[in-house]
Amino acid sequence: MAEAHQAVGFQFTVTPEGIDLHLSREVLKHIYLSGVTSWRKRAIRFKNGILAGVYPASPSSWLIVVIAIMSTLYARVDPSMGMIESIKKTLPVSDYLTVQTQTIVSAILFATGLWFSIILVLRYTLKVLLSYHGWIFESHGKKSFSTQLWLRLVKIFSGRRPLLYSFQASLPRLPVPSVDDTIRRYLESVRPLLDDEQYKQMEIVANEFKKDPAPKLQKYLVLKSWWSTNYVSDWWEEYIYLRSRGPIMVNSNFYTMDLLYVTPTHRQAARAGNVVHAMLQYRRKLERGEHTPLRALGIVPMCSFQMERMFNTTRIPGVETDFIQHLKDRKHLVVYHHGRLFKLWLYYGGRHLTPSELEVQFQRIINDPAEPQPGEKMLAALTAGERVTWARARLKYFSQGTNKASLDAIETAAFFLTLDDESHGYDPENIKSLDVYAKSLLHGKCYDRWFDKSFSLVIYKNGKMGLNAEHSWADSPIVGHMWEYVLATDCFQLGYTEEGHCKGDLNKNLPPPTKLQWDIPAECQTVIGKSYALAKEIADDVDFHGCLFADFGKGLIKRCRTSPDAFIQLALQLAHFRDKGEFCLTYESSMTRMFKEGRTETVRSCTWESTAFVRAMEDKEKTNEMRLELFRKAAEKHQNMYRLAMTGSGIDRHLFCLYIVSKYLGINSPFLKQVLSEPWRLSTSQTPQQQLNLIDIQKFPKYVGAGGGFGPVADDGYGVSYIIIGEDLITFHISSKFSSPETDSYRFGQNIRKAMMDIQALFDIKTKKL
């Protein structure tokens with residue numbers, strides 16, 4: 001009952017002499033410290049909010065403007081052209097507000113208005129500068145005079161020491177492409193996939209759409225772009241993610257892996273202690289807006305909007321649509337271990353628990369001998385099944401009493417943590433180790449990750465770890481930003497003792513974690529069982545292969561004077577053609593975060609140029625010189641499409657929004673319906689590396705991440721995520737379905753490896769192994 005005494009601040013007893021009141025000094029001390037911490041947080045957030053709100057100016061610049069205006073008055077010069085005198089006339093005269101005081105107050109008010117006007121001009125100027133994207137279309141290392149001048153101006157107007165959200169008000173809005181450009185690019189993208197007759201038919205349908213109803217739909221979309229912050233993002237989140245009624249496990253959620261070669265400690269509780277503490281440090285900086293904003297070329301700012309919902313966020317199921325619940329200042333997390341769910345407080349005495357204190361708490365959970373309550377072990381399977389089933393079960397069985405309180409604890413937690421009873425990680429001696437590791441992170445046992453949380457942290461028995469992230473609230477680079485910070489902090493700042501424990505003194509007086517209580521009826525357990533059966537069927541169908549390509553990497557590709565991403569995408573096209581004997585519609589994810597609240601755009605990687613190159617590679621009569629020429633054309637085409645997508649001139653988000661407008665207006669468009677129903681049989685994405693540059697890979701080559709991946713998008717297709725690590729390693733995460741006779745992830749991995757080597761052979765450069 002120690003926790004009960006810790007939780008009660010005072011006790012009283014009624015006696016014949018009156019009421020005998022007993023105060024607990026220790027608890028009152030913690031209440032006081034908690035209050036002090038809370039007010040300190042508010043003060044820091046308020047200060048940083050002001051700093052970001054007036055950026056690129058600073059609060060001190062207000063004083064400079066005031067002093068300058070006051071100085072001109074004493075010099076009998078009126079820079080306000082009579083405005084100060086006009087303000088002065090509106091102020092009342094009294095004993096407390098003399099004529100001289102009126103003059104000073106009027107000058108201060110004018111100076112403040114002038115200061116705000118300067119801030120608005122600076123912001124608008126920066127927004128205009130950031131709307132220029134000519135720099136991205138120039139050859140690498142070759143900048144025109146206009147781009148060099150533009151870069152200098154952006155540096156000048158960007159100010160010094162920006163906070164995370166300092167640039168939000170200066171980011172341009174995502175532009176709406178013209179209908180003509182979008183349809184032209186669409187027809188160009190499908191040309192290599194259609195025969196002459198099919199293409200002519202598609203041209204007819206597209207041109208009919210362009211005449212009517214495209215102009216009408218475009219007008220509404222342009223109006224939305226003026227009214228909303230981003231004409232795509234809210235509809236993308238709602239209709240692509242939240243309105244989807246199918247299971248999000250495998251189909252939507254994605255995963256991120258631990259360091260590839262290094263395991264800092266093999267003690268599960270210790271690794272959890274350090275990592276959770278590092279996440280709390282990251283969250284504190286995030287809440288205060290103290291992270292440095294990401295900038296392309298170190299100059300062009302990226303939108304930080306998605307980062308706001310990283311913690312304290314849960315996807316709440318609904319019958320027709322889900323919604324995202326985001327809270328602030330959540331002080332606990334929920335831990336799953338051996339079928340039990342525990343609530344763990346993250347603060348003590350108004351501060352974060354230290355890594356060693358967290359290790360003690362996690363070890364207590366591991367050592368707890370209690371058995372799961374009826375229905376508790378597989379409860380999370382509800383989040384892995386159909387959304388409608390979960391929504392109805394939530395309303396019926398978890399809307400009141402003990403179940404509601406426990407479910408609220410999960411949904412309001414900072415994040416979800418699983419202390420897994422299995423051991424995973426990359427083992428060079430076990431070719432399938434990466435495959436099993438990935439499947440464990442992607443779906444686990446289908447009931448040991450809370451798939452609705454913004455992310456579930458998984459700590460394995462051997463000290464390895466990973467993440468399973470829900471996709472609606474943000475994209476993988478956002479999670480990758482936090483993950484890179486956590487890995488660097490865990491290994492290079494916090495560290496471990498020689499025995500593998502967390503550093504720091506132990507505090508054995510902490511109240512132990514609280515076991516969540518449940519009263520789950522047999523009827524609900526049946527529903528849980530059905531959700532689990534569906535989820536297990538989906539999980540068992542995932543065919544995964546992790547491919548470490550170490551023959552060469554970014555370093556050699558750059559010496560070939562081509563883009564590493566274009567090189568890999570063309571290798572994927574060649575591999576897919578060899579695997580299936582045909583080309584397919586290919587999806588590559590590109591970011592649009594140079595615009596306010598931008599998320600992603602699609603790069604259609606299968607082009608007329610790429611198919612010509614692939615056919616040449618398979619034609620024995622073609623020489624390497626001819627193949628190389630076709631490769632360069634295809635690579636240049638790919639780079640140009642990627643740049644167009646990044647700068648708001650993509651195809652698919654525009655067509656998607658036109659389709660949504662047509663549905664609102666009740667307009668049936670055969671063209672849009674066909675476009676939106678086309679399957680992506682090859683879905684690809686590059687995982688960003690070294691966003692923060694906290695780990696020096698040259699100095700610590702073993703401290704590299706393995707990236708992450710996602711499930712297959714099409715039943716008969718492949719999902720491929722890849723990460724370019726350092727100069728000499730590329731990791732491919734390949735997924736497909738066992739139920740498809742057309743796909744085999746391991747086979748496709750071997751085809752990718754061979755395609756990479758065959759393309760490299762076109763260049764007269766030896767790999768490091770040769």
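Guide: Two strands count as paired if DSSP finds at least two bridges between them. Strands are DSSP runs of E with at least two residues, helices are runs of H or I with at least four, and both are numbered from the N terminus. The model is predicted, so local features need pLDDT of at least 70 and side-chain atom pairs count only at pLDDT 80 or more, while totals for chains, interfaces and linings use all residues. Residues are numbered from 1 along each chain as its sequence is written, and side-chain values use heavy atoms, with hydrogens and water left out.

Now the sheet. Six strands form it, in the order β16-β22-β21-β19-β17-β18. The sheet is open, and its pairing is mixed. β16 and β18 (600-604) are the edge strands. Each has a single partner strand, so one side of each is left without a neighbour in the sheet. With direction ignored, neighbouring strands are turned by 20 degrees against each other on average.

β16 runs antiparallel to β22 (residues 729-737), and eight bridges join the two. Across this pair, phenylalanine 544 stands opposite serine 735 in β22.

Next, the helix on the sheet. α19 (residues 564-580) lies across β17 (586-591), β19 (682-686), β21 and β22. Its direction is at about 145 degrees to β21. Axes here are lines fitted to C-alpha atoms, for helices over the stretch in contact, and angles run from 0 to 180 degrees between N-to-C directions.

Follow the chain past β22. Threonine 743 is found in the loop between β22 and α24 (745-760). Which residues does threonine 743 touch, not counting those up to four places away in sequence? They are Lys580, Asp716, Gly717, Tyr718, Ser736 and Lys737. Contact means heavy atoms within 4.5 Å. The side chain of threonine 743 also reaches the backbone oxygen of lysine 737 at 3.3 Å. Threonine 743 has a relative accessible area of 8%, so it counts as buried. The cut-offs are under 20% for buried and over 50% for exposed, with partly exposed in between (1.4 Å probe, protein chains only).

The largest one has 53 residues. Met249, Leu341, Leu379 and Phe398 touch the most other members. Elements giving two or more residues to this core include β16 (542-549) and β21 (718-725), along with α17 (522-540). α17 gives the most, seven residues. Apart from this core lies another, of 52 residues, with Val275, Phe311, Phe362 and Leu417 among them.

Look at methionine 249 in turn. Leaving aside neighbours within four places in sequence, methionine 249 is in contact with Ala384, Leu442, His443, Cys446, Phe451, Ala535, Ile538 and Ala539.

Last, the setting. The chain has 24 helices and 22 strands. Buried residues make up 55% of its 770 residues. Among contacts between residues at least 6 apart in sequence, 77% join residues at least 24 apart. Along its principal axes, the C-alpha trace spans about 105 × 80 × 60 Å.

Technical notes. Core = buried A, V, L, I, M, F, W, Y, C linked by side-chain atoms within 4.5 Å. Polar contact = N/O pair within 3.5 Å; in protein donor to acceptor, adjacent residues only side chain to side chain.
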